[in-house]
Amino acid sequence: MRAIKFIISVAAISLTAFTSLAKENGPKLQYYNLSELPRLGTLAPDASNPYSRLPDSLNNVARKAVWNLGQNSAGIAIRFRSDASNINARWTSDNISYMNHMSATGSRGLDLYVLEDDSTWTTLGSARPNTRNTRTDAEIMRDMEPRMREYMLYLSLYNGVDSLEIGIDRNARLLPPAVNLPRREKPIVMYGTSILQGGCASRPGMAHTNILMRNLQHEIINLGFSGNALLDPEIARLMAQADASLFVIDPLPNCPADLVAKKMENFIGIIRTAHPQTPILLVESPIFPSTRFNIKNRTAVKDKNRVLKSIYLRLKERDNHLYYFEGANVLGGNNEATVDNTHFTDLGFSIYANALEPVIGLLTK
């Protein structure tokens, strides 16, 4: 099967500058379209919408809900470098919808990270979205020492981005990255639910897939589909096209036990046929805090995890590249790590990322 290729020709990139904008009591900025800069976190590098997670070929093929969620820009990050003293972001979101358990900065905002001298990433600032319409012009940072820095801009987790520009000082430069971090070769492809999509991180950089991308310095593809990780074969076939170093299958919070029994083995098989020796990591459902008290939830989680474990043990007899992560390890028994007994806070995402990091690190060596 032909692998999806991620090739960036730095020499071919020509950034488009827009008319400078004088912000009240602020610096005069020149805006640049970011659509031609390297985009991490998508298996659709040639999609008509540059910030889509799904290729145009899946439109009218994937379920409508999956297609629409694939237009959310969860896990997509733009890499660039600049010697700017002041940085703004200007973008248009798909809509102005909000959720009652997730911050607007996480669902519709942007999050800028900078590469430190020791090659670690640290937060520079987030861009908070306009609450009244889809168009936002937000300051991220001002009055920095003007020296060249490497940046990574995470896009919105629960909304789509229709257009995106970065504003910098008129005498500053905005260029493609000079450093290949996170590494783009053989990305890690992760499939899952609203949790994997990033619900309910306070800002995009705090989704566990994005934390892992920074900590491991390895590109991660986020195929989280809120409420719709139902083991669709179209998504397995998309994953199978990637020249990945690891596939992570983590849909159980959306799947009842009978669906796991019916569809999981075929989903794994589609990927395994295309990648006979690439590690596949199966992840159990987290042991949610509600299961301490809610008998129905406790039984449902135990049943689906039991079915997944039985599939794993059966397949493992002939597949030496299949691995398993138990649900008790997801949050490590921490009952303060969710917003609503299900979706993670930043604390929950940090716990989960720290638990997965040594496992993924070992499997991608």
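Biologist: Why are α4 and α9 called oblique to each other?

Modeller: Bear in mind that this is a predicted model. The axes of α4 (residues 208–216) and α9 (residues 346–363) cross at roughly 45° and come within 9 Å. Angles under 35 degrees count as roughly parallel and those from 65 to 115 as roughly perpendicular, so α4 and α9 are oblique to each other. The crossing of α4 past α9 is right-handed.

Biologist: What makes the contact between α4 and α9, and which residues take part?

Modeller: Contact means heavy atoms within 4.5 Å. On α4 the contact residues are His208, Ile211, Leu212, Asn215 and Leu216, and on α9 they are Phe349, Ser350, Tyr352, Ala353, Leu356, Glu357, Ile360 and Gly361. Sorted by class, the contact of α4 with α9 has eight nonpolar, four polar and one charged residues.

Biologist: What makes β13 and β16 the edge strands of their sheet?

Modeller: The open sheet has five strands in the order β13-β12-β14-β15-β16, with parallel pairing. Both β13 (218–224) and β16 (322–325) pair on one side only, and this is what makes them the edge strands. From one strand to the next, the twist averages 20°.

Biologist: How do you know that β12 and β14 pair, and in which sense?

Modeller: Two strands pair if there are at least two bridges between them, and β12 (residues 183–192) and β14 (residues 246–250) have five bridges, in the parallel sense. Within these strands, Gly192 stands opposite Asp250 of β14.

Biologist: How do you know whether the radius of gyration of the chain agrees with that of a compact globule?

Modeller: The rule for a compact globule gives a value near 21 Å for 365 residues, and the chain has 20 Å, which is why the two are said to agree. Along the principal axes, the C-alpha atoms fill a box of roughly 60 × 45 × 45 Å. The secondary structure of the chain comes to nine helices and 16 strands.

Notes:
Residues numbered from 1 in each chain as written. Predicted model: local features only at pLDDT ≥ 70, side-chain atom pairs only at ≥ 80, totals over all residues. Heavy atoms only, no water. Axes fitted to C-alpha atoms, helices over the stretch in contact; angles between N-to-C directions. Helix = DSSP H or I, 4+ residues; strand = E, 2+ residues; numbered from the N terminus. Parallel < 35°, antiparallel > 145°, perpendicular 65-115°, else oblique. Left-handed = near helix turned anticlockwise from the far one by under 90°. Nonpolar A, V, L, I, M, F, W, Y, C, P; charged D, E, K, R; others polar. Rg over C-alpha atoms; globule rule 2.2 N^0.38 Å.
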